[in-house]
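Me: I would like to learn how to read the features of a structural model. Could we take them one at a time, beginning with the overall fold?

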Amino acid sequence: MTSGNGHGGRRRGAGRSRRGGGHRSNLLGTSSASLARKYTEEAVRTVVAIMRDEHRSASARVNAARKLLYRGYGPPSNHPIEVLIPPSQIPELPTQEEIMAEIKRRGLLPIIERIAEEEKLEGSAR
């Protein structure tokens with residue numbers, strides 16, 4: 001559609017108005033965001049009630065919990081969290097001897113012995 005000058009493009013008066021601070025309610029002269037903030041505490045209590053209501057569906061309860069976490073902590077980070085542990089607190093891995101001793105203590109035949117037995121059987125069958 002043309003703008004009246006024979007060329008296409010922006011029309012005078014079209015689009016969103018340039019007044020700042022978001023939309024203002026004509027009736028009260030306040031922004032819709034400030035009106036919504038008035039009910040923040042009640043909204044959070046409602047979400048908590050939904051989350052705790054065992055008669056609600058699991059998806060409704062999880063959704064309520066997510067909304068609370070998002071409001072309290074913001075969106076989850078996509079960055080890995082690095083936790084630095086002092087070397088003195090890193091558990092030591094068991095040695096091969098300790099692993100073999102535990103397998104024998106439990107009465108399990110070690111894999112190495114099983115493989116050796118299977119190889120003997122295959123060799124004698126040839």
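Me: How many helices and strands are there in the protein chain?

Reply: This is a predicted model, and its protein chain holds 5 helices and 0 strands. Read along the sequence, the pattern is α-α-α-α-α.

Me: What share of the residues counts as buried?

Reply: A residue is called buried when its relative accessible area is under 20%. Of the 126 residues in the protein chain, 3% count as buried. The accessible surface comes to about 12,100 Å², and carbon and sulfur atoms account for 55% of that surface.

Me: What share of the contacts joins residues at least 24 apart?

Reply: Among contacts between residues at least 6 apart in sequence, 7% join residues at least 24 apart.

Me: How many salt bridges does the structure hold, and how should I read them?

Reply: A salt bridge requires a side-chain nitrogen of Lys or Arg within 4 Å of a carboxyl oxygen of Asp or Glu. The structure holds 3 salt bridges. In one of them, R45 pairs with E41, with the closest N and O atoms 2.9 Å apart. Both R45 and E41 are exposed. These two residues are separated by about one helical turn, because they are 4 residues apart in helix 2 (residues 40-52).

Me: Which residue meets E102 in a salt bridge?

Reply: The side chain of R105 meets E102 at 2.6 Å, N to O. The two are 3 residues apart in helix 4, so about one helical turn separates them. E102 counts as partly exposed at 29% relative accessibility, whereas R105 counts as exposed at 60%.

Me: Which residue forms a salt bridge with R56?

Reply: The partner of R56 is D53, and the closest N and O atoms are 3.5 Å apart. R56 is partly exposed, with a relative accessible area of 44%; D53 is also partly exposed, at 26%.

Me: Which residues form the nonpolar patch on the surface?

Reply: A residue can join a patch if it has over 30% relative accessible area and no salt bridge. Here I81, V83, I85 and I90 form a nonpolar patch with about 450 Å² of accessible area together. V83 lies in the loop between helix 3 (58-73) and helix 4 (96-105). V83 is exposed, with a relative accessible area of 62%.

Me: Which residues form the negative surface patch?

Reply: The negative patch consists of E113, E117, E118, E119 and E122. Of these, E113 lies in helix 5 (residues 111-125). E113 is partly exposed, with a relative accessible area of 35%.

Terms used: Residues are numbered from 1 along each chain as its sequence is written. This is a predicted model: local features need pLDDT of at least 70, side-chain atom pairs count only at pLDDT 80 or more; totals for chains, interfaces and linings use all residues. Side-chain values use heavy atoms; hydrogens and water are left out. Patches are made of residues with over 30% relative accessible area and no salt bridge: like charges are joined within 9 Å, nonpolar side chains (Val, Leu, Ile, Met, Phe, Trp, Tyr) within 5 Å. Accessible areas come from the Shrake-Rupley method with a 1.4 Å probe; for residues, only the protein chains shown count as cover. Lys and Arg count as positive and Asp and Glu as negative; His and the chain ends are not counted. The place of a charge is taken as NZ of Lys, CZ of Arg, CG of Asp or CD of Glu. Buried means under 20% relative accessible area, exposed over 50%, partly exposed in between (1.4 Å probe, protein chains only). Contact means heavy atoms within 4.5 Å.
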